[in-house]
Amino acid sequence: MTRRAMIGAAVLVAALLSGVQGSAVSAGAAAKSPPAVAPSGPGATERHHYTMSVRVRPLLLFWIGRSNVGDAIVTRAATPHETRYSLLIGSDPDRAPRRINRWGYIEERIRGDAATVVGLMTESDEESIEEAEANLRREGSGVHTFKVIHAAIDAEQSRSVVTAVGAPADYSFRQVRAVLALAGDGDTERKSRVVQLPQERGRDFCPRLPRSCTRRPESARAGAVQAGTPLTYVYHGKFFELRGTSVQFKPAFEVNALRYARVVSAQFAIKNMADGDETRFALSYAIDGGLAEVPLAISYEPRWWMQVNLALADDVDSTLMGALDR
């Protein structure tokens with residue numbers, strides 16, 4: 001994957017997989033109450049649905065926006081011996097302008113000190129709207145390429161392989177299993193990386209954002225929040241630092257006509273430790289209650305001309321909920 005693509009995947013996963021467990025209490029009757037959340041525990045599987053809106057900036061002076069162009073599904077499954085996090089996210093060609101089809105999937109399984117990661121995303125290196133339009137024309141001619149990563153991380157090293165996969169059709173995020181199956185073909189381009197892990201480095205691919213946002217959980221629950229300690233993690237042979245740059249406590253917060261109480265809104269930065277390149281994003285999450293530490297809203301700019309916004313929408317049905325079960 002390109003540097004921007006890697007960072008993009010890392011940001012989205014870090015933002016959404018921040019510890020999917022346990023909603024803030026409704027702050028009043030002016031908005032609808034959040035839906036009930038089933039209790040989580042060993043052997044339980046928990047899923048959350050997000051709706052996606054995007055804005056593009058053809059010129060530096062203004063943005064053009066479109067809502068409900070895609071979805072994201074976050075899954076957390078826990079057993080006594082393993083914890084699994086996954087994210088399926090992307091645009092829906094049936095709803096997105098010009099049937100834009102950009103999506104990705106990533107899954108991490110953690111067993112003790114070891115973790116495995118598998119992920120894929122549509123190949124997309126656009127640095128401008130003109131390049132994006134050119135890629136759409138190329139895809140219309142029958143060229144459909146995905147990048148797939150397999151990684152294994154233990155106490156000593158990280159081993160990863162990225163594979164370029166040519167798909168016979170313009171698969172959407174509903175065909176995630178079909179694309180993953182293509183990665184097993186032998187006639188593909190592969191790039192491997194192995195790095196040793198310093199003892200003080202984080203081993204998990206998916207960092208837990210609330211730790212980087214507040215220094216002490218008890219202080220956040222009291223309404224006093226401060227930026228916490230930066231986290232370092234590895235992805236495809238490179239180290240990244242995730243840190244909170246600003247944080248604010250909000251007694252009430254509204255998303256998709258649902259009102260939540262006691263929410264933290266924070267700005268984050270991910271820095272490539274090799275070259276210092278940074279990517280920034282923002283998210284808001286509940287402090288306590290049934291959705292404690294679950295992101296409620298996320299904003300991310302993968303390109304200077306594009307902004308992606310996600311909003312929790314567990315009360316909205318999505319056909320993607322079962323896409324990973326087929």
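Is Arg262 buried, partly exposed or exposed? Arg262 is partly exposed, with a relative accessible area of 27%; buried means under 20% relative accessible area, exposed over 50%, and partly exposed in between, with a 1.4 Å probe and protein chains only. The structure is a predicted model, in which local features need pLDDT of at least 70 and side-chain atom pairs count only at pLDDT 80 or more, while totals for chains, interfaces and linings use all residues. Residues are numbered from 1 along each chain as its sequence is written, and side-chain values use heavy atoms, with hydrogens and water left out.

Arg262 forms a salt bridge with Asp288, the closest N and O atoms being 3.1 Å apart. A salt bridge is a side-chain nitrogen of Lys or Arg within 4 Å of a carboxyl oxygen of Asp or Glu. This pair links distant parts of the chain, 26 residues apart: Arg262 belongs to strand β11, and Asp288 to the loop between β12 and β13. Asp288 is partly exposed, at 22% relative accessible area. Strands are DSSP runs (E, at least two residues), numbered from the N terminus.

The strands around this pair may be considered next. β11 and β12 run antiparallel and are joined by nine bridges; two strands pair if DSSP finds at least two bridges between them. Within this pairing, Val263 has Ala286 of β12 as its bridge partner. The two strands form a hairpin with five residues between them, and Gly276 in the turn has a positive phi of about 80°. β12 is also joined to β13, by five bridges, and these strands too run antiparallel. Here Phe281 stands opposite Tyr300 in β13. Seven of the nine residues of β12 are buried, so this strand is largely enclosed by the rest of the structure.

In soluble globular proteins, nonpolar side chains tend to be buried together. The largest nonpolar core of this model has 47 residues, and Tyr50, Val255 and Phe281 are among those with the most contacts inside it. Such a core is a set of buried Ala, Val, Leu, Ile, Met, Phe, Trp, Tyr and Cys residues joined through side-chain atoms within 4.5 Å. Apart from it lies another core, of 19 residues, including Trp103 and Val165.

Charged residues also meet elsewhere in the chain. Arg84 forms a salt bridge with Glu107, with 3.5 Å between the closest N and O atoms. Arg84 lies in strand β3 (residues 83-91) and Glu107 in strand β4 (residues 103-111), so the pair ties together parts that are 23 residues apart in sequence. Both partners are buried: Arg84 has a relative accessibility of 16%, and Glu107 has a relative accessible area of 11%. Arg84 and Glu107 also belong to a network of salt bridges that includes Glu82, Arg109 and Arg111.

Arg84 is among the residues that Thr75 touches, not counting residues up to four places away in sequence; contact means heavy atoms within 4.5 Å. Thr75 is placed in strand β2 and counts as buried, at 0% relative accessibility. Its side chain makes a polar contact with that of Arg47, at 3.1 Å. A polar contact is a pair of N or O atoms within 3.5 Å; within protein, one must be able to donate a hydrogen and the other to accept it, and residues adjacent in sequence count only if both atoms are side-chain atoms.

How values were computed. Helix = DSSP H or I, 4+ residues; strand = E, 2+ residues; numbered from the N terminus.
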